[in-house]
2 protein chains.
Amino acid sequence: MLTDICPFDEIRMLLANLPPPCERSVAAVRRRDAELTKPPGALGRLEEIVEWLAALQGKAEPAIERPLVAVFAGNHGVAAKGVSAFPASVTKQMLDNFTSGGAAINQICATFGVGLKVFELALELPTRDMSETAAMEEKEAAATFAYGMEAIDGGVDLLAPGEMGIGNTSAAAAIYGALYGGPAARWTGRGTGLDDEGLARKNAVIDQALALHAGHLADPLEILRRLGGREIAAMMGAILAARLAGVPVLLDGYVACAAAALLHAMDENAIGHCLAGHASPEGAHRDVLQRLGKAPLLDLGMRLGEGSGAALAIGLVKAALACHRDMATFASAGVSGKTG
Amino acid sequence: MLTDICPFDEIRMLLANLPPPCERSVAAVRRRDAELTKPPGALGRLEEIVEWLAALQGKAEPAIERPLVAVFAGNHGVAAKGVSAFPASVTKQMLDNFTSGGAAINQICATFGVGLKVFELALELPTRDMSETAAMEEKEAAATFAYGMEAIDGGVDLLAPGEMGIGNTSAAAAIYGALYGGPAARWTGRGTGLDDEGLARKNAVIDQALALHAGHLADPLEILRRLGGREIAAMMGAILAARLAGVPVLLDGYVACAAAALLHAMDENAIGHCLAGHASPEGAHRDVLQRLGKAPLLDLGMRLGEGSGAALAIGLVKAALACHRDMATFASAGVSGKTG
């Protein structure tokens, strides 16, 4: 890395050379799809999924051998303001739960044969309280972004970035408010289960943060630094690294999409490799997905985070790929084609 | 079976003693769910799925060891009227494709470890053309219904009934028209891919059938006999057998739901054990699901039949069950509970 430019400039430079999708591979997938023993288009979005994989992997026969859920865990200074129904200590406790195999994401990954890696992001050093000061220094945010880029190491060929962090739906809501405008109440939800009083407190704290940083929120990386969190920075890095390496990404819910939204605000094309795994009922997630131009694959009322919705969608990706790869053609199965 | 009553009366008698759901098992599932390391409700419909399994299986710890997709294949006299984009010979060809493992349903079942059985329903004897006469005799329809009831034999603990039959979206549309009113165009879709001219022809043929049988469509079993098909009769039997045996059923798309709709018209409670696997874009399937009171688990634009949408939803069921069964509790994982 160059040393005479600021850390965020290094990130900006990465966005200057985003590889194009491989149209030739998409065309090959479409040609084979037309020969498979089914009416054209009858597998709906399963067909879109295979084209998406081909476009990114640059292969006429895309494959998923090493799918990974990468869960990033960070702590948030703003949690001290009572914006969550759970204490901040739960971040570390849940991280231990991931490690020992007891969380929901462990079971979903096991069901579909998906790898799981957990990235602990200096839990003993929470970000600063965004309602009083900037959450991070530029160096801190950039270093965590760079660390997140390692998520695709080791031949990962499908990535689902997930997160854990008490207080992080507040950070995500603040990011949405900064990117898209409106008061906190426009974007927030009850997170892990706030009551009415707790939600009012959360909204007030986020509005305070938005007011404090107003005038400094034009640059998405500055939004990340002032309002974000370590896991959001790391997910941005993971998503961008995947974009550069041609690794398809399934987006999880409310918090994971804040990372995608920041990249999208830098360059729409930066999340061209992402499909939305699911729609969450948390806050205005559905609105966010629309702004990102992503139609969710699943809509099951899940609002857990951990990458759980995206991991569930990996089951769909596996089925889609199996159909494309292993179905017989009209010719090989001796099935008659359309008459009209 | 009694011999001095008509075959349809035997079916009616089966509906007289539908077992109730096991509320005690549902309560046990809810108690455990509240202890799992996640905010209450955060897994959304995955939690509903486990309660559904418990209610039917009557077990506090429901299990899915032998899920089955049962594909019923039948031929339709009305196919001779040009209501499909594919020739009637494709029904038998696709059945061979199922048997040799080349169809979409084979790949989806393989992906999620689901069994697949194919039931051939006298393909050499298509039903009669419903636009000219009743499609079946009562004995014929009742015998096929009874045959369908065998689908759950061998310890099946989750059933997804599927179908194959060139012309059967016409039969299903006619059934919806008879049950819910309106002209054919209100209910039909393009099936395997009709062009505008073909769709107009299909609508005209179905409207002719509805006019011919008008005045005889008050009884759902009579609708089945006059407008249905063998695979629809068999799926009705399979769904009802599952209802009686406490086997949960995932409904597939447009044609499979015609069987469910007929049972529902006989007694709403007859499909109390069904969840909708997916919503199809074919015809008015979404409207049908609303009338049946079933919110689809998936909505991916799939319109293939074969049980493919329901089979895909079995992946969700497996993940839901894994979460419920294998997640740690707050106590076992040492995770703090809610503060507020």
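## Basis and interface

Buried area is the accessible area (1.4 Å probe) that two parts lose on being put together, summed over both. Between chain B and chain A that area is about 4300 Å². Carbon and sulfur atoms give 67% of that area. Helices (H or I, at least four residues) and strands (E, at least two) are DSSP runs, numbered from the N terminus. On the side of chain B that touches chain A, α3 (45-57), α4 (89-99), α5 (104-112), α13 (308-326) and α14 (330-333) of chain B each supply at least two residues. With 8 residues, α13(B) gives the most to that side. By class, that side of chain B has 29 nonpolar, 20 polar and 6 charged residues. Here Ala, Val, Leu, Ile, Met, Phe, Trp, Tyr, Cys and Pro count as nonpolar, Asp, Glu, Lys and Arg as charged, and the others, Gly among them, as polar.

This is a predicted model: local features need pLDDT of at least 70, side-chain atom pairs count only at pLDDT 80 or more, and totals for chains, interfaces and linings use all residues. Residues are numbered from 1 along each chain as its sequence is written, chains are lettered from A and ligands numbered from 1 in the order in which they are written, and side-chain values use heavy atoms, with hydrogens and water left out.

## Nonpolar cores

A nonpolar core is a set of buried Ala, Val, Leu, Ile, Met, Phe, Trp, Tyr and Cys residues joined through side-chain atoms within 4.5 Å. Buried means under 20% relative accessible area, exposed over 50%, partly exposed in between (1.4 Å probe, protein chains only). The largest core holds 112 residues. Leu250(A), Leu312(A), Leu250(B) and Leu312(B) touch the most other members. Contact means heavy atoms within 4.5 Å. Beyond its neighbours within four places in sequence, Leu312(B) is in contact with residues including Leu46(A), Leu316(A), Ala319(A), Ile108(B) and Phe112(B).

## Loop residues

His273(A) sits in the loop between α11 (256-266) and β5 (274-276) of chain A. His273(A) counts as buried because its relative accessibility is 0%. Leaving aside neighbours within four places in sequence, its contacts include Trp52(A), Leu56(A) and Arg243(A).

Most residues other than glycine have a negative phi. Glu306(A) has a positive phi, near 65°. Glu306(A) lies in the loop between α12 (285-292) and α13 (308-326) of chain A, and counts as buried at 1% relative accessibility. Ala122(B) also has a positive phi, about 45°. Ala122(B) is in the loop between β2 (115-120) and α6 (138-148) of chain B. At 25% relative accessibility, Ala122(B) counts as partly exposed.
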